[in-house]
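Below is a set of questions and answers on how terms are applied to a structure. Each answer sets a value against its cut-off.

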Amino acid sequence: MFARSAIATRSAAPALNVIGQTRNMATLKEIQNRLKSITNISKITASMKMIASTKVTRAQRAMKIARIYGNVSSDFIEQAEVKKADGAKELVVVVSSDKGLCSGIHSSLSRHTRKYLADYPEAPVAIIGDKAKSQIQRLFAQNMTYSFNQIGSTIPAFDETSAIASVIISDKSIEFDNIKLVYNKFASAIAFETTEIECFPASQIVEAPGFKSYEVQEEILENLNEFLFANNLHWALVEGHAAEMAAKRTAMENATKNAGDIIQRLTLQYNRGRQTVITNELIEIITGASAL
Amino acid sequence: MSFLARTFKPAAAFARVSRQAATRLYASEASAASSGKLVLNFALPHQIVLSSKEVNQVDLSAVSGDLGILADHVPTIEQLKPGVIDIIADSGAEKYFVSGGFAIMNPNSVLNINAIEAFKLEDIDAQAVASQLAESQRLAASAKDELTKEAAAIEIELYEAIQTALSTKAH
């Protein structure tokens, strides 16, 4: 008697808790399907994390070299104390890439660019990479000059850099004095910062206080400036690539961890549901048997 | 070796010789007190050849002419043409063939060289150079548009420079 009432109360309880707690065969199937799909997703994200990890180590090595290369190149700019002219017009070059799934990499770049464009709405913009392009194009389509894609799947090589640099520089219809390179600096394996590199025009180099100490042939100044821009762009591209790979690795690691959590939760749900079904069947059998 | 030649091409674009009249801006200020040693930074986009190395003398092949840089040389900016960079240190001399770039001598006796490609002379295959040179000459002769002609002319300049470098080394 007592047992029956206890069982009766227990079977009543799930029915009272209506929201998503009704345990029957159909829900069990749903949970099973969800479990299968999430397990597949976690396998995919785990393998993407592995791929990103190997890419990170290689990208970091290239980044160390590119950083030194860029620093050696801009050493002269620092020593000569080249400054930005007042009211200089800037061309903003956004260094992002085509691939997603790397947490805030591209949105951080677009946010930074949009903030700058809010202050200088006339500034021309060149975008490297489709992801940032789609984000910036929504609000600032009239500022866009050039966009480049097919970048970011491999470590950028200097011939890619020089191709991009020549396109930007050789278009004389774009008016600008300075070039502002917006890229993501690799702060650590789990953090990046959106930073800028400032590239000056040859006229500013000539104005620099330290420039008077240097002996130089005037014709090569323009070549030098283009070279410095290409070097800075290369640095930004390689470091941006490294930052993106690291962010992708972290994003995939988090995704795998989250998928694992969901799998655990769903498995518990599934088992509890299975047990409830069995319990209900038992109740039916027992009540049926005791009725005899 | 043809990969080597092809990666030289865009690099050589920067080493294009300017044919205008030369205007040389001279240093109007003397640099700080001498430190005695020449510090060399030699960097490529994909490789750091030398970093903060103390050397005695560096011979460069610049667009404005060949020059040798010693410690506390007058600060100067030179565009490099395809040629040999000879680095003489206490540990010995090293020669690299560079496709082009810039060499900047700073007032603090630091010489910064940014080049696109640099290879030791012994790593260059003379036969590949000869065949590539013939190819470029053929292209320059038969090319229809200005751009291909210009590109071929740059390549010819580059390969001839390599050949000169290799032949002087052999002697």
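**The interface and the terms used**

The contact (heavy atoms within 4.5 Å) takes 41 residues from chain B and 29 residues from chain A. This is a predicted model, in which local features need pLDDT of at least 70 and side-chain atom pairs count only at pLDDT 80 or more, while totals for chains, interfaces and linings use all residues. Residues are numbered from 1 along each chain as its sequence is written, chains are lettered from A and ligands numbered from 1 in the order in which they are written, and side-chain values use heavy atoms, with hydrogens and water left out.

Q: What area do chain B and chain A bury between them?
A: About 3300 Å², 63% of it on carbon and sulfur atoms. Buried area here is the accessible area (1.4 Å probe) that two parts lose on being put together, summed over both.

Q: Which element supplies the largest share of the side of chain B that touches chain A?
A: β10(B), with five residues. Strands are DSSP runs of E with at least two residues, helices are runs of H or I with at least four, and both are numbered from the N terminus.

Q: How many salt bridges and how many polar contacts are counted between chain B and chain A?
A: The salt bridge count is zero; the term asks for a side-chain nitrogen of Lys or Arg within 4 Å of a carboxyl oxygen of Asp or Glu. Polar contacts join 10 residue pairs, both residues at pLDDT 80 or more. A polar contact is a pair of N or O atoms within 3.5 Å; within protein, one must be able to donate a hydrogen and the other to accept it, and residues adjacent in sequence count only if both atoms are side-chain atoms.

Q: What makes the pairing of Q79(B) and N223(A) a polar contact?
A: Their side chains make the contact at 2.8 Å, which is within 3.5 Å. Q79(B) belongs to strand β6 of chain B.

Q: Why is Q79(B) called buried?
A: Its relative accessibility is 1%. Buried means under 20% relative accessible area, exposed over 50%, and partly exposed in between (1.4 Å probe, protein chains only), so Q79(B) counts as buried.

Q: Why does L67(B) count as buried?
A: L67(B) has 18% relative accessibility, which is under 20%, so the term applies. L67(B) is found in strand β5 (residues 65–70) of chain B. Leaving aside neighbours within four places in sequence, L67(B) is in contact with residues including V58(B), H73(B) and E78(B).

Q: What makes D66(B) and K81(B) a salt bridge?
A: The N to O distance between their side chains is 3.8 Å, within 4 Å. D66(B) lies in strand β5 of chain B and K81(B) in the loop between β6 and β7, so the pair ties together parts that are 15 residues apart in sequence.

Q: Are D66(B) and K81(B) exposed or partly exposed, and why?
A: D66(B) is at 63%, over 50%, and therefore exposed.

Q: Why is E90(A) called buried?
A: The relative accessibility of E90(A) is 2%, so E90(A) counts as buried. E90(A) forms a salt bridge with K84(A), the closest N and O atoms being 2.5 Å apart.
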